[in-house]
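This briefing covers selected local features of the structure shown below. Please read it alongside the sequence.

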Amino acid sequence: MAPRRYNQAVQKYSIFSLARNALTGHRNWRAAWRSPEPRPAYDVVIIGGGGHGLATAYYLASVHGVANIAVLEKGWLGGGNTGRNTTIIRSNYLWDESAALYDHALKLWEGLSQELNYNVMFSQRGVLNLAHSESDLRELSRRVNANRLNGVDSEFLDAAQVAEYCPLIDCSPDRRYPVLGASLQRRGGVARHDAVAWGYARAADARGVDIIQNCTVTGILRDGGRVTGVETSRGVIKAKKIAISAAGHSSVIAAMAGIRLPIESHPLQALVSEPVKPVLDTVIMSNAVHAYISQSDKGEMVIGAGIDPYVSYSQRGGYDRIEQAVRAVVELIPSFSRLRMMRHWGGIVDICPDASPIIAKLPLEGLYFNGGWGTGGFKATPGAGHLFAHTIARDQPHWLNAPFTLERFSSGALIDEHGAAAVAH
Amino acid sequence: MRRQRFRLDTGGKIDRTRPLVFTFNGRRYGGYAGDTLASALLANGVHFIARGFKYHRPRGIMTAGVEEPNALVQHGVGARTDPNSRATTLALYEGLCAASQNCWPGLHFDIGALNGRLAALIPAGFYYKTFMRPARLWRVYEHFIRKAAGLGRAPGAPDPDRYAHRHAHCDVLVVGAGPAGLAAALAAGASGARVIVVDEQGEFGGALLNDGGGPVAIGDGPPAAFVAAALEALRGMAEVTLLPRCTAFGYYADNFVTLLERLDEDGPTGGNRQRLWQIRARQVVLATGALERPLVFPDNDRPGIMLAGAAQSYVNRYGVQPGARCVVFTNNDSAYAAALDMNRAGTAIEAIVDTRIEVEGEWPRLAREAGLPVFQGSVIVGTAGRRRVRAVTVQRLAGDGVAGSARRLICDCVAMSGGWNPSVHLFSQSRGALEFQAEAGIFVPGQAVQAVRAAGACNGAPSLADCLAEGGAAGHAAASDCGFAATAPTSPAVREPGHGAPATLWRVPVDRPRAFVDFQNDVTTQDLDLALREGYRSVEHVKRYTTTGMGTDQGKTANVNALANIAQTLGVEIPSLGVTTFRPPYTPVTFGAIAGRHVADQYDPVRQTPLHGWHEDRGAVFEDVGQWKRARYYPLDGETMRQAVDREGLAARSSVGILDYSTLGKIEICGPDAARFLNRVYTNGWTKLAVDRCRYGLMLGDDGMAMDDGVTLRLAEDRYLMTTTTGNAARVLNWLEEWLQTEWPELAVYCTSVTEQYATISLCGPKARAVLAIAAPDLALDAATLPHMALAEGVVAGVAARILRVSFTGEVGFEISVAADSALGVWRALMDAGAAHDITPYGTEAMHVLRAEKGYAIVGQETDGTMTPGDLGMDWIVNMTKGDFIGRRSLTRADTERSGRKQLVGLLTEDPDTVLAEGAQLVASAEPGPLPAAMSGHVTSSYHSANLGRSIALAMVRNGRARIGETLFAAMADRTIAAVITEPVFFDPKGERLHG
Amino acid sequence: MLCIPCPWCGARDVAEFHCGGEAHIARPADADRIGDEIWAEYLFMRANPKGLHHERWQHRQGCRRWFHVARDTQSDRILAVYRIGDAPPEGDPS
């Protein structure tokens, strides 16, 4: 089928269009995306309008020329984990499969604003992973060496070099768990999370993707061994292919197709400080001290907490997680003690037993799944979307996501990245 | 220092007997105890104190409380500096020093003011549309964006102050001590319930503190008398705790509420600066009052434009005149009370501009009687003045816009009131639903989900009498629900002018710019309209795109106005948009207060063995193993680590080494089914282990991966002692309990942790037996009586001990376990006994080397949770025929059985002096090829072995056991190092030394 | 901060407990005869419902006993507590 014509009416964003529109009081900006009524049928229906789902729609349209795509979002687009994460982007994972997957994403980040013509404010300011014990150092060394040989930039810093690179961190040897060293991925950094959803939405919409918000999927229709469509709060929508990309509701949606997943959904919380002038220009992560922190372009310190250890869809967790995260930050950076917590919130993360995602075909013809990213989904957004689009369009995985199957839990070929996240699982 | 020109001669609750001097922007001013920084600045006629965040417009003091969006200052200097401090809540103290933020080089001449000129280019979300080309300049653009963002400056040094934590339970928590809160507290307290009353202000009374001695009376006296009497009564109740200066900031599940108490309002004390309370309340009464909202009109942000209630507060509570000529702008009756109080204090009220056509209430009547001009059905359509408002323009409302001639009023102060938003933040945090009342345009608490009631202004109560009645009823009911019955309270009679109906006006209907909705983040109605025009139509999208409501004030004065304006533009009803979620904290909370004392040396408990002091005295260098401090090596006389470890390793194989093994986990496993239990938990068989013998065991997860290992002893028919690795002791005990209680409750087995009850001392080496014999002369230690892997009980150095003949080094070894508090004496005795035998204490580092020489894997070093027994070359310990054990089925899965898995092997570098790095990755070729390079495995342990006179290493290599003799290369950043794959044992491969 | 009602110690703060995940997952009796997929069902697959969830908890910092909880995972409200070995209470007790 011929691809939907690129919508030439879309305005290009640039300093020139900004200046031109300033002259007319900005009254001539057009909507970044339409709010169309759902059509009765599509070639592909993507369930979930977060960063991953929207990116998938974009690549399906732009790379694979698929027309007739709908993204169904039960709330407002980007309102799930995409709008709640701590925006850290890196690819320095241990296993070959993971490093390749996340670095594929990182390469797409490097140029994403230009490709989408939407500034997602991707800032490659470096990611530090700290080591606080001999066993930390061993694991760090193993990972840094593997990264390097996998073509992922990764350097080892000793304590003195960490102190020089980021003087805010207290590297003195008499702290309870002194910093002994760190890995540094200079190409890692952060981005503006909402902008990623909005940028992909606008670009997908420009290529004819229908983004249907306030549309809850309530059932998946089957005919024998294949899917035929979805039941939604806005009616039945037929589809040749259905792609599930709904972090926080993976099991709920999969259950509509009678499929069980190895996923548990847990609360994950984060917090920001009041905005202050720039003092922290890198990202700091620590497994041992359970902290991760960066300073946003708005000046707020963005701090991530650990998951709450029980299944919950409430998007709320215990105050104790917030206390632990703040305590860890104050321990690492004592001068931050006087900053103030301005707001904390939560999301729902889908945890897989090996802390690695599932991007695969499901055992129903025409049904595809992208999820189980746990605490690491945001950094993978462009890569996940790109690879999921490939999997859907070609009806088979790309070699980069081929290992991330549902079947690996039966065969035992897990990709255990528990050491990777600085978040207690 | 000038006198305070705008301080009223009398009145206010400030203490005029305690004058204070403070500094603002380098200038000294006078104030009084009881002032806030804001009231003191206003008393000195200082209105222009800040620059707006984006446009850098001059800003002043808009409120008198926590909802302040503009008057943020950098408070204090050096390590105690506090960015973003609200002048309106900063209690004045002698020597207070504050300065404006986010302006350079100074407040009055600020380069950032150029942004105001560029306003058209920088509407909401402009940065998403630009800064993309050229791509390589993004870092430069970002640098300037970051410099422009942020408000105050973070301190550059560690926080010298300390913070405390406290936990408390109570029957009734009353949040807010205004009229409703005091009434609730009195009712609940009178019943005998345990009550905690908190209020964010330093003084109780809430809105009653702003009373100006006007027509409002409670009982027969002024509101102040009611407050004083209530406090006296509450102080007399033994079960009531009063916490002023204490903000309830978070409401969590099951009535868990967090409070922040300020302890430094008189300046830094050297003691605790703040105290964070964690409260579990059986019932909560929220009496959190209401916050006034501004009106939205063009140029509504100039210094001198403030909320009417704030103006009233400055007059009545602080004895300050907010201006000489004031225009009041309102859509409801409460501003009339403010106008009357200002007028009484000497401010000329130029006009009361009321949006309502019909203005019939008692307050307006009183105002007219006082001669104050009232313009009905009118609005302010614009203001003038750069650093202070100096005039407003007024027109009549007509249809959807304005009409008639524009009238200019000269003034230096505007007191505006758009109505009062009930403070429903905590109620919403408790997950209670909110309902919208269209007439007043307010959200009020609806259905509660937890044991909480709302009372008073926060519940939408329209009058003071209602507040008192609701509060009393709520307090009584809450206490009742806790089982404290009492007679229902009676509310005092209240005399107050009636309130007429308010009318909502969400924006003045003129199409002009700079009508601010969010004053802190510089969001105007045009920004909201732009967001909607661009398709960001859900409330959350508008909020995130424009950043409205996302400042340090978290939208206290902005959120409802923003929501209403969005609804109006979209042409829908407000409730259909939903409400953006209220998130904790209610007001910002210092990180240090959240951390409390649990930082620095109290960050995590330190676990030490009973021998720790001895190791310290001996100059040991320690390493962290989990929470434990373990001696890593004992350098003598300026030795390097390498020299010490070499010496210790040589001694262990040539004479005798002594090691503190106390940190290993020890779990007693008792009961008739103990052996059956061990059979299920370990991979090998246990039913045939004799009493007084021990056996090495390997434990797998149910996924078949090595989880922990250790030696388990049989002490008696039904009593075993399991040892675990140091790091996994708690985890293994939890594991055992889980299986026993949830899967195999039919087994009669009991587990008890005895890790800390016993200390364990290890002796190893050719002289070990001889040394032990000196300290334990009555024990038979010969190889026949006490063979390898046997145990005996006896007396060592006069202390009852268990001696286990076991070895992790490959030398003849004895582990002596004694009660922990006897350990030091036994250790010393052994050291004495070994003096003639060159006894050498050795640490974890030498131990690692010695065991590596023998090829013994260490869980957590060789293993990483993904290795099976087969991978470790330990198929010999897996008994697949004894029956089911944890992990058994997983060993026969497709991936677990395949070839090509990584296997434990040894590595010997071609250059014997080169020690490989642990964690080095191994490749097949010496020449670096194209990346990604295929990796054959990684180095898990690597040391210089003094006993072998060369380096050794253990590694996990794909198909390693089939590749013995092959050469691999450790690929370092700058070179590759060749090493040959060997069997994973380097010393005494037949194990002959063990059986001596 | 959830309160978990330990059947022996009473309502205690969630920080004192360890959550052991979904309950009533029967360990296959004759694991040798089942395929890898069925074994994976036991090891890894979970219902993970948005709604009524039967789960296992341990009062780890207290009496260290395990018990079952029926909880609504959307509201986090605990509906019932029952002992190991007991069946879930009949119906939805909310």
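Over how many bridges do β20(B) and strand β21 (residues 391-398) of chain B pair? They pair over six bridges, in the antiparallel sense. This is a predicted model, in which local features need pLDDT of at least 70, side-chain atom pairs count only at pLDDT 80 or more, and totals for chains, interfaces and linings use all residues. Residues are numbered from 1 along each chain as its sequence is written, chains are lettered from A and ligands numbered from 1 in the order written, and side-chain values use heavy atoms, without hydrogens and water.

**Sheet**
- Three strands of chain B form an open antiparallel sheet in the order β20-β21-β22 (strands are DSSP runs of E, at least two residues; helices are H or I runs, at least four; pairing requires at least two DSSP bridges).
- In β21(B), B:T393 stands opposite B:G382.

**Helix α19(B)**
- Eleven of the 15 residues of α19(B) are buried (under 20% relative accessible area; exposed is over 50%, partly exposed in between; 1.4 Å probe, protein chains only).
- The buried residues include B:W735, B:W739 and B:L740.

**Residue B:I111**
- B:I111 lies in the loop between β7 (97-100) and α2 (114-117) of chain B.
- B:I111 counts as partly exposed because its relative accessibility is 40%.
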